[in-house]
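Trainee: Could you walk me through the spot where the ligand sits? I'd like a close look at what surrounds it.

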Amino acid sequence: MKLYTFFRSSASYRVRIALNLKGITYEQVPIHLRRGGGEQFSAAYRAINPQALVPVLEDNGRILTQSLAIIEYLDEKYPNPPLVPKDPADKALVRSLALGIACEVHPIQNLRVLKHVKAAYNQTDEQVNQWAQHWIDLGLAALQEMIVAQPKRSGFCFGAAPTLADICLIPQLGNARRYGCDLSKYPAILEIERNCNALPAFANAAPEKQPDAE
Ligand SMILES: N[C@@H](CCC(=O)N[C@@H](CS)C(=O)NCC(=O)O)C(=O)O
């Protein structure tokens, strides 16, 4: 398998964690999102992913895009360990926690959105950071409430083993720190982060551990 990835990309980080949890070895193809205006916009990369986003997973000649679709693919193809619970209501809860990050937070603090906010509306770096912080804080506060409220929590977002929810949450915390969010407001989330990062699958997927890390 081949993963088109960028060390700091949180969507790529999600897929790296899932691959590691499944014990799958893969080749990394780094796509630098800033160098030369962004390698994701090159004709060669757009031919692979017309959305001009990382990650992309290539498996047996098939090109897969969108981190959550990729992770679902991996989970169906390699069912152990499972990344979502079996019970339909539990599964919906885990997906809802994951989507709370992947749909409600991440897209509005993504590089291309921040670049547009800055250029089109004449904003300073400080204002752009405040924009990112606003949406990240809103999302993390809601997520922490939902995590604490559900009775099956036991070290991770749901239950005693990592799920899709943790896979989305941990990379988002890196972005939160980068934009200056105060994470001490989220003790339950920080506890989950410690538990996740104690696992090699998470620790080895961290941006600073990647071959393209700067
Ligand atoms: N919903 C997509 C998001 C992918 C995404 O936004 N990737 C970012 C890096 S985390 C990217 O490639 N950004 C390039 C840009 O903004 O130009 C997914 O989950 O795969």
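Predicted model: local features only at pLDDT ≥ 70, side-chain atom pairs only at ≥ 80, totals over all residues.

**Around the ligand**

Mentor: Start with S67: a polar atom of its side chain is 2.6 Å from an oxygen atom of the ligand. N110 does something along those lines, with a side-chain N or O atom 2.7 Å from an oxygen atom of the ligand. Then there's Q40, where a polar side-chain atom lies 2.8 Å from a ligand oxygen atom. Taken alone, the ligand would expose 510 Å², and the protein buries 92% of that.

Now step back to the shell. There are 16 residues around the ligand, and the nearest are Q40, V54, Q66, S67 and N110. By class, that shell splits into seven nonpolar, seven polar and two charged residues. Helix 1 (10–22) and helix 5 (111–120) each put in at least two of the shell residues, with helix 1 giving the largest share, three residues.

As for the space itself, the ligand takes up the largest pocket, which holds about 860 Å³. Its lining runs to 38 residues, and L33, H106, N110, L111 and R112 are the closest to the pocket's centre. For the lining of the largest pocket, helix 5 supplies the largest share, six residues. Helix 1, helix 3 (67–77), helix 6 (125–149) and helix 7 (164–178) are among the others that each supply at least two. Sorted by class, the lining of this pocket has 17 nonpolar, 13 polar and eight charged residues.

Conventions. Residues numbered from 1 in each chain as written. Heavy atoms only, no water. Near = heavy atom within 4 Å. Polar contact = N/O pair within 3.5 Å; in protein donor to acceptor, adjacent residues only side chain to side chain. Areas by Shrake-Rupley, 256 points an atom, 1.4 Å probe, with all protein chains shown as cover. 1 Å grid on protein atoms, 1.4 Å probe; cavity = no way out; pocket = protein on both sides within 12 Å on 5 of 7 lines; lining within 4 Å. Sits in = over half its atoms within 2 Å of the grid points. Helix = DSSP H or I, 4+ residues; strand = E, 2+ residues; numbered from the N terminus. Nonpolar A, V, L, I, M, F, W, Y, C, P; charged D, E, K, R; others polar. Points joined across faces, edges and corners; volume = space filled by probe spheres on them.
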